[in-house]
Amino acid sequence: MSKVSVTGSRRVLSGVVETVHTQRLLHVTEYDDSWEGFAPGNPASDAEEAAEQLVTVRALKSILGVIPEDAGPRRVLSDEEVETELRDVRDQVNKLDDRRDAIEDRIGEIEESLDAVEPFVALGIDLDLLSGYDSLQVAVGEGRPDDIERAGVDADDLREFEIYAEDSVVAVFARPARNAGKSALSDALVRTEFSALEVPDTSGDPAQYVSELESERASLRGDLESVEADIDALREQTGGFLLAAEEHLSVQVKKAEAPLSFATTANAFVAEGWVPSDEYTAFKRDLTEAVDDRVEVEELERASFGSDGTEIHREKLPGDGDAGAGKPAAADGGDQQARADGGMAASVGTVVMRDDSPPVVQSNPGSVGYFETLVKAVGRPSYTELDPTIILFLTFPAFFGFMIGDLGYGIVYVAIGWYMYQNLDSPALKSMGGITLFAGGFTALFGILYGELFGLHLISTYFWEGVVGLSHPPMEKGLSPNQISWAQTWLVLSLLLGIVHLTVGYLFDFYENLEFHGAKDALLESGSWILMLNGLWVWVFSLAAAGTVPDFVFTVFDGTGAAPEASGEFAHAVYQLGFNGLPAAVGYLGAAAFFVGLILLAVGDPVEIVEFLQVLVNVLSYTRIAAVLLAKAGMAFTVNLLVFGAYQENGNFHFLLSHGPEWVAAEYGGEATVIFGGLFHGGIALVFVGLVVLVLGHVLVLALGVTSAGLQAVRLEYVEFFGKFFEGDGTPYSPFGTERRYTADE
């Protein structure tokens with residue numbers, strides 16, 4: 001990216017803005033009001049009118065419900081056409097919208113009246129009989145008739161008292177005593193749980209009143225449907241115009257407000273920003289041709305760097321040196337004046353508006369691009385940072401799938417991801433759908449390798465054992481007592497994954513430091529951590545650490561019998577790779593590398609010495625992969641245990657899919673133990689309960705798979721991996737201009 005300066009007379013400002021907008025190359029740097037004698041420019045005179053029209057267009061779009069699919073062919077619009085047609089559309093829309101509002105308001109009033117009169121329908125007394133008396137006091141409400149009657153009898157201020165009740169709706173008629181006040185009846189009812197109702201302001205049979213209201217409401221709803229149809233027809237007729245008008249006015253407003261980002265004086269302006277370096281020549285040529293060479297375009301710096309961290313290229317412009325250093329061009333009243341034809345004799349020299357970083361364009365191919373959403377959740381890579389999206393693409397779905405590892409769950413995740421990708425409009429949600437597709441695919445893949453379908457070992461039984469002829473699937477999760485070595489293997493594998501993952505992060509940091517700060521800083525700030533990380537864990541996996549670290553570290557990949565054996569009846573090597581620990585001498589070399597790295601860190605940044613144990617703690621953090629794997633497997637096992645039942649035989653768990661608990665006793669006698677008989681084997685009633693538990697239980701496991709495996713995988717990426725090299729404070733490349741969809745340039 002190249003930072004450029006565009007300087008010219010204000011007479012050509014509109015032409016410059018028009019050309020730059022058409023080019024869509026310049027990422028404008030906002031003027032920070034730091035130059036003496038310069039101020040941010042003012043918007044063009046027609047900006048306010050265009051903005052008001054834009055607000056009107058968007059309001060009309062909202063009322064009509066215009067969507068992108070309503071667009072017609074691209075069209076060229078003039079300001080006069082927009083103003084004339086917009087006025088006509090606005091009048092039509094306002095009439096229909098006012099009519100719709102009036103109908104909806106009346107329907108709302110009717111529904112309120114229906115709610116108010118409903119209790120009186122149940123009571124069955126004409127509404128005009130419930131009010132308008134001189135000598136009687138009347139109250140209608142909800143309460144217990146017995147309590148209300150008792151209150152009336154006990155009231156000293158009431159001579160006569162009568163109630164009419166239907167369910168909990170009560171009408172009370174009372175004649176007050178001679179000297180009683182107007183509130184005698186209400187005072188008596190205070191002592192009861194009586195909720196007064198307001199008598200509707202009408203007369204006659206309440207049921208007839210309800211019928212009239214419902215008839216009016218039905219008629220109004222028909223009118224409303226007619227208005228909605230007219231609105232739909234108007235949307236089809238004018239939707240294309242409104243979309244085009246919105247785009248046209250947005251362009252006008254953007255152009256009119258562009259000077260707000262420029263440094264201006266009474267006669268001149270300076271605009272700065274970033275353009276792709278390979279487009280600079282075309283940018284300058286088109287701009288100078290558009291305004292007849294009455295503008296000065298300069299490349300201030302090129303954002304490519306040498307190994308010492310400085311720019312490889314920084315063009316020396318006229319004015320660099322003592323005379324021009326430290327201040328911008330004095331276009332108004334300074335040492336050099338802007339010529340009347342708009343050409344600028346002055347130059348901004350090496351002074352720029354702000355020391356901003358170049359904008360960034362993330363460009364990842366194909367499906368890798370989906371994972372940019374996860375990166376952007378932390379921040380966009382800056383111009384000096386490597387984009388970690390490809391690493392997330394390679395590791396996040398694998399971490400997730402390894403932890404869940406079930407064909408059934410994987411298929412469901414794939415279906416959810418496909419639905420999100422196909423049906424959601426938001427680009428971010430579409431990307432999340434793509435991520436879910438990949439995560440579900442790896443979940444299904446590992447599910448096949450684990451031999452599991454919704455926690456049941458059906459793939460293991462019918463495919464790996466039945467078709468392939470293996471005694472067990474290629475991978476097992478390690479829940480059964482005789483599978484303890486599998487669980488230990490996943491712990492060790494999690495550590496190895498952590499070492500590799502973190503090393504890649506430190507290598508990214510090493511590259512960035514080497515490129516932008518030189519070999520010394522790269523060695524001290526990044527190389528030190530690489531030496532410490534790998535040196536420590538070489539020692540851990542060497543025989544020099546035997547007796548200090550768990551024995552299974554040397555056992556799970558052994559198979560030779562030479563390694564110290566782990567305690568436990570079922571401990572053995574699940575993958576016989578012949579690894580039983582690195583030689584002790586290699587371990588001591590690793591320890592030496594760790595201390596060399598610690599010394600380098602102390603030389604480079606002594607403050608970071610207090611964090612030297614990160615190389616141990618960060619790797620141990622990856623054991624959460626094995627922990628979540630066992631936890632999710634345990635949850636699925638529990639659901640299936642409750643539903644189908646299970647027994648333990650020779651250290652293995654088996655579900656009671658085709659036999660009941662009685663079969664276990666007959667088949668194995670005392671050699672097998674029934675863990676739980678299963679709801680499906682407890683009678684018809686419990687079968688229905690079991691179906692509910694089966695469905696809800698696996699739905700819960702699916703949901704927790706996202707909140708546990710998903711969040712833990714994200715945490716490893718963000719906290720452990722990103723923390724080694726990534727800050728994410730980049731600015732997206734957003735060139736000034738508009739990608740037209742509904743209009744064409746004039």
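Select His457, Thr461, Glu465, Phe653 and His654 to begin: of the 37 residues that line the largest pocket of this predicted model, these lie nearest its centre. A pocket here is an open set of points, on a 1 Å grid over the protein atoms alone, where a 1.4 Å probe fits and protein lies on both sides within 12 Å along at least five of seven lines, while lining residues have an atom within 4 Å of a point. Next, highlight α12 (458-468), α18 (624-644) and β12 (652-655), the elements that each give two or more residues to this lining, with helices (H or I, at least four residues) and strands (E, at least two) taken as DSSP runs numbered from the N terminus. The most comes from α12, with five residues. The volume, the space filled by probe spheres set on grid points joined across faces, edges and corners, is about 890 Å³ for the largest pocket.

Now move to the second largest pocket, with a volume of about 610 Å³. Select Asp509, Glu512, Lys724, Phe725 and Glu727, which are the closest to its centre among 27 lining residues. Then show α13 (484-517) and α14 (519-540), the elements that give two or more residues to the lining of the second largest pocket; α13 gives the most, with six residues.

Residues are numbered from 1 along each chain as its sequence is written. In this predicted model, local features need pLDDT of at least 70 and side-chain atom pairs count only at pLDDT 80 or more, whereas totals for chains, interfaces and linings use all residues, and side-chain values use heavy atoms, with hydrogens and water left out.
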